[in-house]
Amino acid sequence: ACGGGADKEEETKDADKGEEETTTDFKVAMVTDIGGVDDKSFNQSAWEGLKAWGEEHGIEEKKGFDYAQSNDKADYMPNLTRLIRDEYNMIFAIGFELKEDLNKVAKQYPDTHFAIVDDVVEQDNVASINFKEHQGSFLVGVAAAMKTKTNKVGFVGGVDSPLISKFESGFIAGVKSVNPDIEVDVQYAESFGAADKGKVIASNMYNNDIDVIYHASGGTGNGVFNEAKDLKKNDPDRDIWVIGVDRDQHEEGQIGDHNVTLTSMVKRVDVAVHDLSNKAMNGEHHGGEVLEYGLEEDAINVATTNEDAMTQDIIDAVEDWKEKILSGDIEVPKTREETEKFLEAL
Amino acid sequence: MEYIIEMLNIRKEFPGIVANDNITLQLQKGEIHALLGENGAGKSTLMNVLFGLYQPEKGKIRIRGKEVKIPDPNVANDLGIGMVHQHFMLVEPFTVTQNIILGKEPKTITGRIDLKKAEKEIRELSDRYGLKVDPTAKIRDISVGMQQRVEILKTLYRGAEVLIFDEPTAVLTPQEINELMEIMRSLVKEGKSIILITHKLKEIMQVADKCTIIRRGKGIGTRNVADTNANELASLMVGREINFKVDKHPATPKETVLEIKDLYVRDKRKIDMIKGLELNLRAGEIVGIAGIDGNGQTELIEAITGLTKTHSGTILLNNKDITNKNPRKITESGVGHIPQDRHKFGLVLDYTIGENMVLQTYYKKPYSKAGILNLKEIYRYAKNMITQFDVRTPSIHTKARALSGGNQQKAIIGREVDRSPDLLIAAQPTRGLDVGAIEFIHQKLIEERDKGRAVLLVSFELEEIMDVSDRIAVMFDGRIVADLKPEETNEQELGLLMAGSSTKKAGEN
Amino acid sequence: MIDVLQSIIPTALFFSAPLIFTALGGVFSERSGVVNIGLEGLMVMGAFVGIVFNLTFADALGGWTPWISIIVATFVGAIFSIIHAVASVSFRADQVVSGVAINFLALGLGVYLTKQWYGKGQTEMVSQPFFSNDIPFLSDIPIIGPMFFKGVYTTSYIAILFAVIAWYILYKTPFGLRLRSVGEHPMAADTNGINVYKMRYIAVIISGALGGLGGSVFALTIASNFSHSTIVGQGFISLAAVIFGKWHPLGALGAALFFGLAQSLSVVSSSVPFLASVPDIFLLIAPYVLTILALAGFIGRADAPKANGVPYIKGTR
Amino acid sequence: MSSSHRLFSVLIPIISVLLGLIAGAVIMLLSGYNPITGYAALWRGAFGDAYTIGETIRRSTPYILSGLAVAFAFRANLFNIGAEGQVIVGWLAAVWVGISVEAPMVIHLPLAILAAALAGALWGFIPGLLKAKLGVHEVIVTIMMNYIALYSTNEIIRNVLTDHKTTTESIHESASMASEWLGSITFFSRLHYGILLALFIAIIIWFLIDRTTIGYELKAVGFNPHASKYAGMNVSKNIILAMVISGALGGLAGAMEGLGTYGNISVMSGFSNIGFDGIAVALLGANTPLGVVIAAFLFGTLKEGAGEMPTGAGIPTELVDVIIAIIIFFVASSYIIRWALLRFKGGKSK
Ligand SMILES: Nc1ncnc2c1ncn2[C@@H]1O[C@H](COP(=O)(O)OP(=O)(O)OP(=O)(O)O)[C@@H](O)[C@H]1O
Ligand SMILES: Nc1ncnc2c1ncn2[C@@H]1O[C@H](COP(=O)(O)OP(=O)(O)OP(=O)(O)O)[C@@H](O)[C@H]1O
Ligand SMILES: [Mg+2]
Ligand SMILES: [Mg+2]
């Protein structure tokens with residue numbers, strides 16, 4: 001680390017020196033949010049992308065790429081700073097929670113390049129990586145609409161926020177596009193880690209004849225899966241489904257010979273991280289830009305692992321709508337207002 | 001006759017103090033043996049040694065001639081030793097039965113406590129020794145006297161042959177004391193032996209066969225009660241002559257300080273505890289309230305001091321209405337109060353003795369100014385008080401908890417008296433204290449009277465009432481039923497009045 | 001109305017079960033005079049052990065895995081709680097402080113070992129959690145059946161059964177009488193020949209066992225895996241249930257069920273017509289507000305065991 | 001006697017900390033790490049350079065106040081588990097005023113700080129009132145108030161302070177405690193003037209507890225409500241006052257975050273833990289203001305230093321929680337340390 005209480009000018013010079021050396025060894029790192037690098041979600045995905053990047057270039061972990069884990073909101077800033085002073089050239093901040101801290105840090109270290117996932121930081125040295133989750137959510141909505149027999153589906157959100165609203169909006173739009181008569185029940189647990197709350201909500205939803213639940217709620221979703229599997233175990237003939245999020249959550253849905261995971265809205269943070277790392281290494285920084293990764297970039301997917309459940313007609317329908325989105329025929333709503341307009345137009 | 005218990009040359013040390021130094025106590029079967037000594041002389045310690053709570057550093061204990069070790073109370077129980085502690089060892093929310101059987105519960109085959117069997121056994125025991133108790137009542141609902149009978153039953157239930165009573169009468173009313181004396185006699189008749197710790201020489205003279213005296217941890221000797229008298233015992237105990245008759249000049253009462261008119265007070269259950277009470281108190285006199293516990297004394301004090309709301313009636317202090325004012329207002333208008341339960345109400349035991357000295361005045365100059373304490377002034381004052389009132393404490397920074405009962409009481413009295421209140425209420429001011437301390441406190445009360453204060457003394461001890469008061473108001477069922485001069489009455493008459501069997505006005509003789 | 005009950009009662013039951021177990025543990029400990037702020041940590045330990053054991057032995061033990069897992073978690077919880085017992089009974093520690101240490105220790109150790117053993121901050125999901133079942137015959141009773149006997153976890157009934165057993169033990173047996181006496185007036189118990197320290201050790205260990213059980217039941221019925229956020233506050237809610245239930249096993253049961261009902265009601269309300277218009281935020285905080293109101297309104301003052309939180313030192317008064 | 005007492009009160013925490021660190025080293029050894037590398041990383045993480053020192057102080061700042069909040073209530077024999085909720089509402093209130101009021105700094109900053117204190121005080125007032133008037137146990141009410149604070153705050157951020165966003169805008173400069181100068185001497189750390197305020201308040205609280213009639217009454221009521229009532233103190237008032245002041249301190253801890261560290265407030269998906277950690281800080285500090293300040297710095301150091309352990313030595317940060325637990329455990333068990341010390345001393349003199 002830097003030696004003791006040297007004054008600011010000298011340290012900045014040090015950092016400059018680091019910048020000059022980049023051409024020979026380019027270093028990339030990321031700061032996780034509270035979820036941690038093994039959250040089976042976007043942090044994990046990002047780290048996988050970074051590892052893949054390292055592998056591609058034969059770089060060793062901890063030397064050329066690394067991550068810093070945040071256990072606490074208070075950790076973001078020190079983690080970012082630590083990596084900067086360990087002379088990483090490109091630093092990813094994973095998750096909208098890091099937005100404010102990154103905003104400050106980016107101002108303080110104009111010579112380091114940053115990227116934020118899931119939010120926008122308006123600084124010349126920060127690339128903002130956004131995903132078109134609404135697109136994927138729309139498509140799983142289509143799948144849910146095709147699958148439901150009761151014409152009732154549910155959405156479980158973690159914490160009500162603009163990001164999760166994108167999931168909600170896309171999902172509702174997708175469902176209603178297939179059949180406007182399907183009811184969508186939306187509930188928030190106000191936590192990404194409350195499995196008990198997730199289970200209570202799921203129990204209530206399934207009890208009210210909802211047969212497909214899409215969750216965008218992190219660990220809270222464990223409770224949703226848990227409830228679905230429990231019902232399935234007791235009554236294997238009952239058709240109930242969960243739609244996973246971020247990763248393919250097929251594994252979470254396995255119960256005996258059955259699997260309650262209909263599909264998952266896969267968000268390839270790894271693709272984006274890998275891609276941007278490469279670009280940065282080539283001097284292409286995209287600072288100040290908002291990079292949108294979506295269906296087109298293959299950064300948003302719909303999982304089809306559950307072959308029994310994702311029947312061909314569902315897959316076909318999903319493909320159809322995907323085409324429509326790609327072609328610009330439809331604009332998937334991202335917010336509640338947009339959803340309202342979208343539904344009126346249906 | 002052989003000894004049932006012999007404690008020979010017992011020595012017990014605590015850090016920095018030798019509580020028992022070479023004490024010998026020999027108890028014969030079927031006798032009541034008194035143990036006498038000042039506060040802190042080492043009586044409780046000696047008994048705790050016998051009961052297995054403490055281990056002696058030196059000395060032997062023989063039971064029925066056989067030398068024994070008593071490592072814990074269980075062993076003492078097995079050896080037939082039972083103890084009725086000074087502070088009752090009763091679990092308040094439990095019933096009488098539960099308390100008695102605790103640790104030795106009869107069981108049904110299912111492992112459940114056999115309450116029926118236990119209750120039956122307790123009824124039998126209590127009938128045999130004349131110990132009236134209600135086996136199903138909760139401890140917190142029964143009188144102190146009954147609680148003590150429960151303690152006695154506890155020992156009998158465990159088959160005790162030797163019963164130790166540690167200051168059993170300190171908390172009892174005169175009636176209850178008489179009952180206890182009866183109980184002790186019947187226990188002895190049934191073949192039990194008793195060790196009785198008490199500060200009251202009268203009681204020793206009344207029931208004890210022998211008396212062992214200890215002073216400052218040392219055994220002074222054993223006397224046959226029949227061969228001695230109260231004066232001798234007292235001087236043996238204290239090491240000097242004790243003046244029993246309280247020295248005082250006749251009172252010269254002046255203007256009325258306290259005037260209570262048609263007072264009604266209800267308790268939590270909305271039952272009238274005080275029913276139209278009338279009382280006058282003048283400067284320069286001590287009025288003693290005589291009465292059996294539970295006849296409204298507590299409510300009366302609480303009403304005067306503002307701790308309970310009155311239902312109707314007026315209380316005037318120096319002609320100013322203080323009815324239902326808050327306690328602080330009342331204190332400030334000139335009322336001092338020595339509460340009955342010094343641990344609960346008199347002191348903050350976790351405060352130092354210095355801090356306790358300003359419990360009533362901390363917010364006033366010079367102890368604080370604009371809400372800021374003047375510690376220097378507080379400590380200066382406290383030091384002054386502890387010398388003036390002979391409070392024996394290592395320093396003013398000692399926690400009040402660490403002081404002996406007598407010294408705690410002296411501290412409270414000092415604090416209350418020094419504020420020069422026009423009205424000083426003293427509730428049971430000498431309970432549990434040794435004669436030396438009692439003498440001191442009585443003197444102080446009389447001094448206050450002579451300085452022109454009105455003193456209201458509430459006590460269950462007739463002797464104290466008779467000795468100290470200038471006027472006696474007998475309280476029965478929430479009313480003052482008699483108002484008389486001590487020299488014109490006797491304990492016999494007072495006892496009857498307190499029991500509600502007649503009424504009398506001063507000067508009727 | 002019946003509809004609503006049919007949907008809230010089963011959820012309340014599974015939601016409450018871990019709280020009931022843990023709160024019962026709290027009742028034992030506090031009845032003996034040892035304050036147990038460490039319930040949260042004991043649950044964490046239970047959840048950790050339950051999940052790790054389940055993951056490790058699921059293949060070998062098959063359908064018995066969850067049962068054996070909770071037994072092991074109970075056992076480890078008991079052992080873990082000895083730390084609290086040693087501190088607060090033998091070392092005369094401030095019991096609140098020691099309980100707080102338990103909370104830190106359990107979470108720290110649990111996550112540390114998870115990282116050590118699994119190389120990540122959270123475990124996989126277990127393959128052998130508890131499943132609910134319908135109770136034969138009883139579940140066919142109209143109205144009542146679906147409310148209480150359809151799709152319920154056996155563990156929920158065990159929890160209720162445990163509450164009754166705890167009541168029996170505490171209020172009907174010599175052991176219970178002794179345990180309570182130690183919490184009210186240890187010196188009285190001591191002079192009656194009861195070993196105060198032993199009783200308190202036993203009580204704290206029982207609370208550890210039940211806390212561990214509660215945590216593992218939570219993990220194996222609700223969370224399915226272990227991470228730093230598996231147990232977040234359930235132990236504190238259980239502590240509240242102990243006090244709310246006036247330190248009585250059946251009271252604690254009632255309080256835990258009340259909390260489960262309030263929680264499930266707040267979720268269900270959104271599908272109840274006249275409550276649907278209530279803003280979500282009010283439903284969200286409803287369980288907590290209801291608890292406060294219940295306490296303020298009709299439960300009122302509760303007296304803790306007198307000697308609760310006071311270390312017993314032989315020979316002082 | 002009293003000098004050895006003073007010696008013990010210094011020795012015991014030091015020994016506890018040492019024992020905690022030794023236990024941590026043993027755990028590291030057992031799990032195959034090098035304790036020296038581990039602790040070196042911890043040290044670097046906390047004091048490695050000006051930046052980390054700044055961050056360590058910054059992290060300790062709210063702990064001082066939340067620790068004081070818990071300690072203050074304890075002195076009146078009240079257990080305020082609700083410091084967490086008080087921190088959250090204080091944070092919210094501070095930011096709210098910071099955003100919505102326009103005024104010169106001399107007015108704006110104190111106003112925002114005051115708002116935080118008031119919000120926390122309100123959060124303490126409710127359990128205090130219920131305790132004083134109805135005898136409802138403060139532990140349950142404060143636990144419940146934590147959740148109410150968390151969820152209500154999130155709702156207000158989303159629907160009142162912002163238009164369905166997760167983070168509010170930043171407070172105006174005039175309400176900020178952040179300092180460019182402090183940042184500059186610590187290499188852009190977020191060290192802010194809050195530390196001065198926190199230390200100042202610690203002194204005030206010390207004064208309040210030990211030197212004023214208010215403190216005298218609060219402690220008396222805490223020790224013995226009956227005697228206090230007899231002495232003319234208003235027991236209910238004192239219980240409420242103790243909770244109100246305690247809550248206000250919690251609120252101020254929130255202000256440190258809202259006006260100092262972050263300058264805004266975000267929707268939280270879980271507790272901030274500043275209040276919960278305050279319990280441990282208070283207990284470590286033996287509920288005295290000076291003790292709390294020292295414990296807060298210890299806590300801040302360990303927590304801040306922990307961040308460096310995974311990157312610097314590959315050791316999971318949770319090890320620090322284990323170490324903290326062991327330290328607390330030994331502080332709690334001071335009796336046994338005292339006993340051991342006496343044995344040791346006695347053995348030597350014989
Ligand atoms: N547990 C203890 N630790 C230290 N010193 C003690 C302890 N118990 C008693 N002492 C000391 O031993 C001495 C004798 O106390 P003891 O309780 O036996 O007196 P006592 O004769 O029963 O007094 P009293 O008449 O007030 O009941 C006292 O000076 C007291 O300070
Ligand atoms: N743990 C202890 N440490 C020091 N002194 C003690 C201890 N326990 C008791 N004492 C002392 O023992 C002495 C006598 O105690 P005892 O229990 O007989 O109370 P007491 O003085 O008779 O008061 P009271 O009758 O009002 O309760 C007191 O001086 C008290 O300070
Ligand atoms: Mg005694
Ligand atoms: Mg005594």
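Visitor: Which side chains meet in a salt bridge, N to O?
Guide: Glu92(B) and Lys306(C) do, at 3.6 Å. A salt bridge here puts a side-chain nitrogen of Lys or Arg within 4 Å of a carboxyl oxygen of Asp or Glu. This is a predicted model: local features need pLDDT of at least 70, side-chain atom pairs count only at pLDDT 80 or more, and totals for chains, interfaces and linings use all residues. Residues are numbered from 1 along each chain as its sequence is written, chains are lettered from A and ligands numbered from 1 in the order written, and side-chain values use heavy atoms, without hydrogens or water.

Visitor: How many salt bridges cross the interface of chain B and chain C?
Guide: The rule finds two.

Visitor: What area is buried between chain B and chain C?
Guide: About 2200 Å², with 59% from carbon and sulfur atoms. Buried area is the accessible area (1.4 Å probe) that two parts lose on being put together, summed over both. Met89(B), Leu102(B) and Arg112(B) supply 24% of what chain B buries against chain C, more than any other three residues.

Visitor: New topic. How many residues surround ligand 2?
Guide: There are 10, each with a heavy atom within 4 Å of the ligand. Gln86(B) and His87(B) are among the closest.

Visitor: Why is the site shared between chains?
Guide: Because residues from chains B and C surround ligand 2.

Visitor: Which side chain has an N or O atom 2.8 Å from an oxygen atom of ligand 2?
Guide: That of Arg342(B). For His87(B), the side-chain distance is 2.9 Å.

Methods
A polar contact is a pair of N or O atoms within 3.5 Å; within protein, one must be able to donate a hydrogen and the other to accept it, and residues adjacent in sequence count only if both atoms are side-chain atoms.
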